[in-house]
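Here are my notes on this one, jotted down as I went through it. Have the model open while you read.

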Amino acid sequence: MADVFAQIPDVEIDPDGTFKYILVRVTSKAGGVHKDIVRGTKSAQYHNHIFEKVQPAMEALGMECQCLGGGKIEHNSQEKKLRVFGESTGFGKADHSVSAEKLKAAYCDYDVTCSEDNK
């Protein structure tokens with residue numbers, strides 16, 4: 001099962017801009033082992049559009065997934081800054097501190113912050 005989890009990146013976000021993101025818990029159908037992942041893209045008009053892409057991909061790997069909430073990410077690759085903020089109308093606010101920790105691990109040379117602001 002660890003092999004399958006190793007295939008799933010912790011973070012997949014767009015390289016620049018401000019966009020919606022979701023925090024998703026991916027759980028093995030075979031057992032209660034889980035992993036939280038961050039997904040964000042400018043192409044999503046709504047948070048559920050991101051989930052609608054993530055869910056079938058995870059199910060194909062034998063996983064179940066649950067959206068833990070959402071928000072927005074401001075990604076500035078020139079300044080190496082990521083800011084996590086806001087909330088999803090449909091899924092509620094993600095735990096931005098969890099999302100920020102995932103982003104810090106994936107972008108270790110970045111300044112990653114989170115705030116409770118909606119803007």
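1. Lysine 80 is partly exposed, at 35% relative accessible area; that label covers the range between buried (under 20%) and exposed (over 50%), using a 1.4 Å probe and protein chains only. Look for lysine 80 in the loop between β4 (63–76) and β5 (81–85). Its backbone is worth a glance: lysine 80 has a positive phi of about 55° although it isn't a glycine.

2. Before going on, some housekeeping. This is a predicted model, where local features need pLDDT of at least 70 and side-chain atom pairs count only at pLDDT 80 or more, while totals for chains, interfaces and linings use all residues. Numbering starts from 1 along each chain as its sequence is written, and side-chain values use heavy atoms, with hydrogens and water left out.

3. Now the overall layout. The protein chain has three helices and six strands, arranged α-β-β-β-α-β-β-α-β from the N terminus on. These are DSSP runs numbered from the N terminus: H or I of at least four residues for helices, E of at least two for strands.

4. Is histidine 47 buried or exposed? Histidine 47 is buried, at 7% relative accessibility. It lies in helix α2 (residues 47–60), and its side chain makes a polar contact of 3.4 Å with that of serine 88. (A polar contact is a pair of N or O atoms within 3.5 Å; within protein, one must be able to donate a hydrogen and the other to accept it, and residues adjacent in sequence count only if both atoms are side-chain atoms.) Leaving aside residues up to four places away in sequence, histidine 47 touches several others, among them Lys20, Tyr21, Gly70 and Phe91; contact here means heavy atoms within 4.5 Å.

5. On to the rings. A search of the whole structure turns up two aromatic pairs. One of them is tyrosine 107 with tyrosine 110, edge-to-face at 4.9 Å centre to centre and 65° between the planes. Rings of Phe, Tyr and Trp (its six-membered ring) pair if their centres lie within 6.5 Å, with planes under 30 degrees apart called stacked, over 60 edge-to-face and the rest tilted. Tyrosine 110 is buried, with 15% relative accessible area.

6. Finally, arginine 83 lies over the face of phenylalanine 85, 3.9 Å from the ring centre. The cut-offs are NZ of Lys or CZ of Arg within 6 Å of the ring centre and within 35 degrees of the ring normal.
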